[in-house]
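Welcome! Take a moment to look over the sequence and the model below, and then we will walk through a few of its features together.

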2 protein chains.
Amino acid sequence: VSLPKFTLPAREPFPANVIALIGGLPDVRLFRRDLLARAYRRVLSRGVQTLGYGSEYGEPRLLRALTAHLSSARGVLAAAGELLVTRGSQMAFPLLARALCEPGDVIAVEALGYPPAWEGFRLGGAELRAVPLDRAGIRLDRLQELACRSRLRAVYVTPHHQYPTAVTMSAPRRQGLLALAERHGFFVIEDDYDHEFHWSGRPVLPLASADPARLVIHVGTLSKLLAPGLRVGYVSARAEVVERLARLRMFIDRQGDQTLEAALAEWLDDGEFDRHTKRARRAYAERRDALAAALEQHFAEGLEFELPAGGLSFWARSRLGMPVERLAELALERGVLIHPARRFAFDRRPREFLRLGFPGHTPSEIQKGVGVLAAIVKASAA
Amino acid sequence: VSLPKFTLPAREPFPANVIALIGGLPDVRLFRRDLLARAYRRVLSRGVQTLGYGSEYGEPRLLRALTAHLSSARGVLAAAGELLVTRGSQMAFPLLARALCEPGDVIAVEALGYPPAWEGFRLGGAELRAVPLDRAGIRLDRLQELACRSRLRAVYVTPHHQYPTAVTMSAPRRQGLLALAERHGFFVIEDDYDHEFHWSGRPVLPLASADPARLVIHVGTLSKLLAPGLRVGYVSARAEVVERLARLRMFIDRQGDQTLEAALAEWLDDGEFDRHTKRARRAYAERRDALAAALEQHFAEGLEFELPAGGLSFWARSRLGMPVERLAELALERGVLIHPARRFAFDRRPREFLRLGFPGHTPSEIQKGVGVLAAIVKASAA
């Protein structure tokens with residue numbers, strides 16, 4: 001039996017026992033496992049209802065709690081039928097592509113972005129086209145060109161803190177993007193993956209908070225905030241989109257883990273979610289400062305970056321005199337994981353930038369990791 | 001913004017507070033919620049490892065425990081890389097179609113079968129063709145015709161207890177099916193959804209237990225046995241197939257719920273899984289007898305069925321003098337849910353058969369439900 005051709009990439013194995021100076025890995029040591037066990041038990045002790053078949057939209061208690069949370073924390077309003085619970089945000093991507101696209105339809109993505117979302121969209125049948133970025137976000141002139149010459153169904157953006165560059169999309173760019181979407185009739189898929197982590201300036205509300213036409217499809221996750229091992233995300237969008245996602249979800253996965261979803265609903269309702277967020281924000285703010293200080297100390301010359309207004313990583317231009325790919329390779333041999341720009345590039349071409357993240361480690365671990373990088377650069381210059 | 005056409009069916013709402021004389025609904029009241037809460041807490045108390053990113057193949061402890069279980073309970077041997085944990089068996093279907101099929105490739109299905117699997121295969125890009133059944137299982141002459149005139153990649157079968165007719169595939173048919181698969185180069189997707197519930201005669205081992213060429217893709221689930229709300233299934237197949245499924249799974253769902261998977265691994269290892277199986281088997285055997293007795297009492301004339309060797313339902317030919325669809329409609333108005341044959345028919349045509357299931361209710365509830373059916377038939381004859 002022969003198998004047809006198959007192009008999906010294999011996962012790179014995550015190296016064990018490294019200092020991972022990367023952005024997307026929350027510190028699960030901050031997570032209150034004892035409280036999760038307790039909430040889980042409480043839900044189960046109440047009855048059998050979370051153990052049977054249920055709604056493909058999500059456990060009703062979590063839908064209610066998330067609706068209230070998104071309204072108060074982000075100004076995103078979801079009426080009945082406008083919210084779906086997914087497995088992390090990852091599940092949203094193939095479902096969205098399948099709901100929005102026919103063969104040949106296009107989803108635009110940022111030229112530097114989040115490859116697992118791209119693969120998800122492709123899996124759902126979308127053609128992808130990359131649109132360049134500038135310092136205000138995705139370039140609207142180029143997006144407009146694309147809208148004119150292809151069947152553009154949606155654009156996927158990360159406006160709060162652009163993934164991976166951490167740039168916040170400017171207010172005029174936001175207005176322009178929504179106007180363009182309305183004019184050309186495409187959706188805006190807003191991945192608000194780290195809404196909780198904004199460090200300076202006024203909190204920026206999502207695109208979905210100022211979208212009377214409901215052109216924005218707001219995607220979020222609790223996994224990145226609480227623990228990646230808890231696969232709970234959500235999509236808020238107009239009801240006709242959410243209904244399609246729900247139908248699709250039926251045949252991929254039937255429904256979520258209702259017991260876990262009910263437990264997390266309790267956390268949203270009783271304040272434990274907010275307490276965790278505060279705990280994490282405090283820890284990450286300290287780590288951010290630690291990474292900035294360590295980079296300042298060791299790389300005042302070689303790495304150029306601005307402290308971003310939010311997010312869990314810095315985007316640094318390298319003037320180290322050695323390719324960032326080579327630095328990453330040598331660092332990994334010495335137990336430090338960093339991500340060169342190429343990893344995030346739609347065109348797969350190297351660029352002399354690094355994404356350096358801080359959430360996963362304590363200040364002293366961060367200091368140690370940056371020290372290793374400095375030693376490598378020094379040795380190579382010698 | 002206009003949406004492209006979309007053909008996926010909506011879920012029929014499951015009616016509340018009915019006596020559901022259907023096959024697929026295990027009784028979650030038999031499930032030890034207290035023990036699940038305890039196992040979950042035990043796993044969490046050991047450390048953070050189930051809360052981070054992990055393997056897309058499944059939690060390693062569950063892979064080990066399932067490997068041992070499938071080997072001892074079913075004679076299905078899985079080497080390293082030949083087993084994947086999914087969300088229920090449902091997730092296996094779209095992943096398998098996507099892994100095995102290019103556009104235009106065909107998966108054959110049974111003419112009476114399990115529509116959620118069909119939708120899953122379609123979602124993964126397969127073309128479906130139905131093959132008729134006879135009393136020994138899927139008809140090989142018709143399957144062979146199909147293999148000769150189409151790009152047949154796989155056939156989806158339910159050999160243990162055919163879904164929905166409960167027929168066990170005969171030994172010669174099994175040998176013939178594997179020989180045909182080898183000759184024509186297609187896979188056999190064996191959905192062993194209720195392996196644990198065999199009532200009479202020798203236990204029948206799955207196709208996958210006698211398949212040195214590894215042409216069988218063995219799909220199973222713990223959800224049907226334990227509780228539908230726990231979405232844990234698995235696929236055992238040759239490594240090159242499982243690797244594709246794992247890569248696909250990454251971009252749909254990243255990974256399973258590792259905490260739950262580790263808890264279920266403990267149950268497999270410490271005997272709680274077997275204790276639950278015995279408990280359920282005892283309860284369901286009693287309910288099977290209750291349904292048979294109630295049908296005998298009320299429908300000695302109108303319904304014709306054989307006690308199947310296994311499974312959780314009877315397949316009954318109706319000679320009631322009213323269409324089974326009409327009976328189902330009237331029954332639902334009076335609080336009893338039954339499934340007419342049409343629901344399982346690939347061609348969507350009605351047939352004068354009913355699937356009557358017994359796992360979800362106690363003997364007295366079953367007796368009451370059958371009484372309601374009898375009263376309806378009597379009133380309509382009057």
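In β12(A), which residue is the bridge partner of A:L303? The partner is A:S318. Keep in mind that this is a predicted model.

That pair belongs to a wider arrangement. β11(A) and strand β12 (residues 313-318) of chain A run antiparallel and are joined by two bridges. They are part of an open, antiparallel sheet of four strands in chain A, ordered β11-β12-β15-β14. β11 (303-304) and β14 (339-340) of chain A each have a single partner strand, so one side of each has no neighbour in the sheet. Packed on this sheet is helix α9 (residues 272-299) of chain A, which touches β11, β12 and β15 (353-357) of chain A. The direction of α9 makes about 15° with that of β12(A).

Now for the two chains together.

| Feature of the contact between chain B and chain A | Value |
|---|---|
| Residues taking part | 71 residues from chain B and 71 residues from chain A |
| Salt bridges between chain B and chain A | four salt bridges |

One of the salt bridges links B:K5 with A:E102, with their closest N and O atoms 3.9 Å apart. On the side of chain B that touches chain A, α7(B) gives the largest share, nine residues.

How values were computed:
Residues numbered from 1 in each chain as written. Chains lettered and ligands numbered in written order. Predicted model: local features only at pLDDT ≥ 70, side-chain atom pairs only at ≥ 80, totals over all residues. Heavy atoms only, no water. Pairing = 2+ DSSP bridges. Contact = heavy atoms within 4.5 Å. Axes fitted to C-alpha atoms, helices over the stretch in contact; angles between N-to-C directions. Salt bridge = Lys/Arg side-chain N within 4 Å of Asp/Glu carboxyl O.
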